[in-house]
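Please read the numbered points alongside the sequence and the model.

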Amino acid sequence: MVVDRWRHYLERGNASTAEIGVGICSESNEVSKLSPRYYGPFTILAKVGKVAYRLQLPEEFQIHPVFHISLLKRAVGNEPMNPTLPSLPEEGNRVEELEAILDRGLCMISMSLPDIELHTFRGDNPEGMEARNEVAALAMDDMIAWMQEGGQVGIFDATNSTSKRRNMLMKMAEGKCKIIFLETICNDERIIERNIRLKIQQSPDYAEEPDFEAGYRDFKKRLENYEKVYEPVEEGSYIKMIDMVSGQGGQIQVNNISGYLPGRIVFFLVNTHLTPRPILLTRHGESRDNVRGRIGGDSSLSDTGETYAKKLANFVEKRLKNERAASIWTSTLQRTILTANSIVGFPKIQWRALDEINAGVCDGMTYEEIKKNMPEEYESRRKDKLRYRYPRGESYLDVIQRLEPVIIELERQRAPVVVISHQAVLRALYAYFADRPLKEVPHIEMPLHTIIEIQMGVTGVQEKRYKLMD
Ligand code: F6P
């Protein structure tokens, strides 16, 4: 039972083995969502902080041995279930589920409990309620600890649908951080039905349930249990989004919200939505400066770059043939405009914010020339590529900041967008959607002649890659 499981780990802390829940990617080229399967059992070596455990893992696993408690399950019996982890698909086919928008200051703590029994969600089941409150408190503790280490905005993702639970959270946050409740209300039966079906198909909660109809009945019952105890948010600071999912009208109610950051959160929420649509990111075709190894500039395409432009047009035509409202975004530099040239049938929008990082006094030089003629500059950039600002030019942090309006506009779009831009800019955009840590941004691989398709939607963000030239 779930209560036993959590108590076992949290209070007595005397478990000796555990199984790890690992997200598995599809090996095929198809988009799929990570869903946990359990591997193990593995010996517990130590408790790390309040909510994590260090396990003894075989060296060949090459994964960090400390796991949050929500990824662990009590091992039953002594038989190894799945002693080896599945191999990861090739880099090009990797599919990632995103849970957090870090580095833009937003962090979500997921509260889903795998393999949980239905009665745990009943309002009249005190043990189930206690277990859920216990886990909520742990997650909240975790988030407050993260914020005290410098996190700016954390998203505590749970139902929090009773005022008792919300009061508990407010009490825990007292004197430590400000709380804003977000309530999403949807009165459209079709959307609710669609979301329930997606939940059964893709949530880790139902990963072990092969029978769709059984999962569906289970989830409906879970909803009924929530409905019985639900109390609308009326306390503290809150933002309520009412029927905003469809994108046709809707309402946003804001209570007791003031200040820069809360204001930006409202702005973000007004513009964001979950309508499934792809965003296609690609660098321009190879430019003449790329061939010469020169950075920056505004050169035209090489012959190879021209070939890519044609292949890209073909690809976009096929991929977006039923997407009349799609659009093509480029920078104002001719290598991206020329790359978009052969694409017909879609509006093209030029954004200065999509221009390549400004290399200032180094514009037009090769990396070797910078190293030889400006060794201190070269060294400073090598040491801290994220913060280094070219003299009279930009840093990666500058690029990230100037991309904010582009990101808001991409979040707002309900139709597909093809973004043709440059290496540094696409690293920053990709990191936002793929939830890559800030410090990694300048080092993300962003090869020429490759399309990264990011699928936005109800189930998070997933990606596919297409290499058109080999
Ligand atoms: O080399 C192509 C390019 O787009 C340059 O114009 C730009 O300065 C560079 O890539 C950015 O990559 P990095 O930050 O790795 O130098």
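1. Some terms come first. Two residues are in contact if their C-beta atoms, placed from the backbone, lie within 7 Å. Axes are lines fitted to C-alpha atoms, for helices over the stretch in contact, and angles run from 0 to 180 degrees between N-to-C directions. Helices (H or I, at least four residues) and strands (E, at least two) are DSSP runs, numbered from the N terminus.

2. The model is predicted: local features need pLDDT of at least 70, side-chain atom pairs count only at pLDDT 80 or more, and totals for chains, interfaces and linings use all residues. Residue numbers start from 1 along each chain as its sequence is written.

3. Overall make-up. The protein chain contains 14 helices and 16 strands. Of its 470 residues, 27% are buried; a residue is buried if 20 or more other C-beta atoms lie within 10 Å of its own, exposed if 12 or fewer, and partly exposed in between, with C-beta atoms placed from the backbone. Among contacts between residues at least 6 apart in sequence, 64% join residues at least 24 apart.

4. The three-stranded sheet. An open sheet with mixed pairing has the strand order β8-β9-β10, where two strands pair if DSSP finds at least two bridges between them. Because β8 (180-185) and β10 (251-255) each have a single partner strand, they stand at the edges, and one side of each is left without a neighbour in the sheet. From one strand to the next, the twist averages 10°. Six bridges link β8 with strand β9 (residues 237-242) in the parallel sense, and E183 stands opposite K240 in β9. Helix α6 (residues 260-271) lies across β8, β9 and β10 and runs at about 10° to β9.

5. Strand β14. How many residues of strand β14 (residues 417-421) are buried? Five of the five are, so the strand is largely enclosed by the rest of the structure. In a regular strand the side chains alternate between the two faces of the sheet. Here V417, V419 and S421 point one way from β14, while V418 and I420 point the other way. Strand β11 (residues 277-283) pairs with β14 in the parallel sense over five bridges, and strand β12 (residues 327-330) runs parallel to β14 with four bridges. V418 is the bridge partner of L280, and I328 also stands opposite V418.

6. Nonpolar cores. A nonpolar core is a set of buried Ala, Val, Leu, Ile, Met, Phe, Trp, Tyr and Cys residues joined through C-beta atoms within 7 Å. The largest has 47 residues, of which I279, L281, V418, V419, A428, L429 and Y430 touch the most other members. Helix α14 (residues 423-434) supplies the largest share of this core, with nine residues. Leaving aside neighbours within four places in sequence, L429 is in contact with L281, L403 and V419. A second, separate core has eight residues, including V135, A136, A139 and M140.

7. Which residues are around the ligand? They are N290, I295, G296, E356, I357, A359, H422, Q423, A424 and P442, a residue being near a molecule if its C-beta atom, placed from the backbone, lies within 6 Å of it. This shell divides into five nonpolar, four polar and one charged. For that division, Ala, Val, Leu, Ile, Met, Phe, Trp, Tyr, Cys and Pro count as nonpolar, Asp, Glu, Lys and Arg as charged, and the others, Gly among them, as polar.

8. Residues with positive phi. Most residues other than glycine have a negative phi. R392, in the loop between α11 (375-383) and α12 (396-402), has a positive phi near 60°. R392 counts as exposed because it has 11 C-beta neighbours inside 10 Å. H449 also has a positive phi, of about 60°, and lies in the loop between α14 and β15 (450-457). H449 is buried, with 20 other C-beta atoms within 10 Å.

9. Two further residues. D470 lies in the segment after β16 (460-467) and counts as exposed, with 5 C-beta neighbours inside 10 Å. The C-alpha atoms of D470 and H449 are separated by 9.1 Å, although these residues are 21 apart along the chain. V291, in helix α7 (residues 288-292), is partly exposed, with 14 C-beta neighbours inside 10 Å. Not counting residues up to four places away in sequence, V291 touches E286 and S302.
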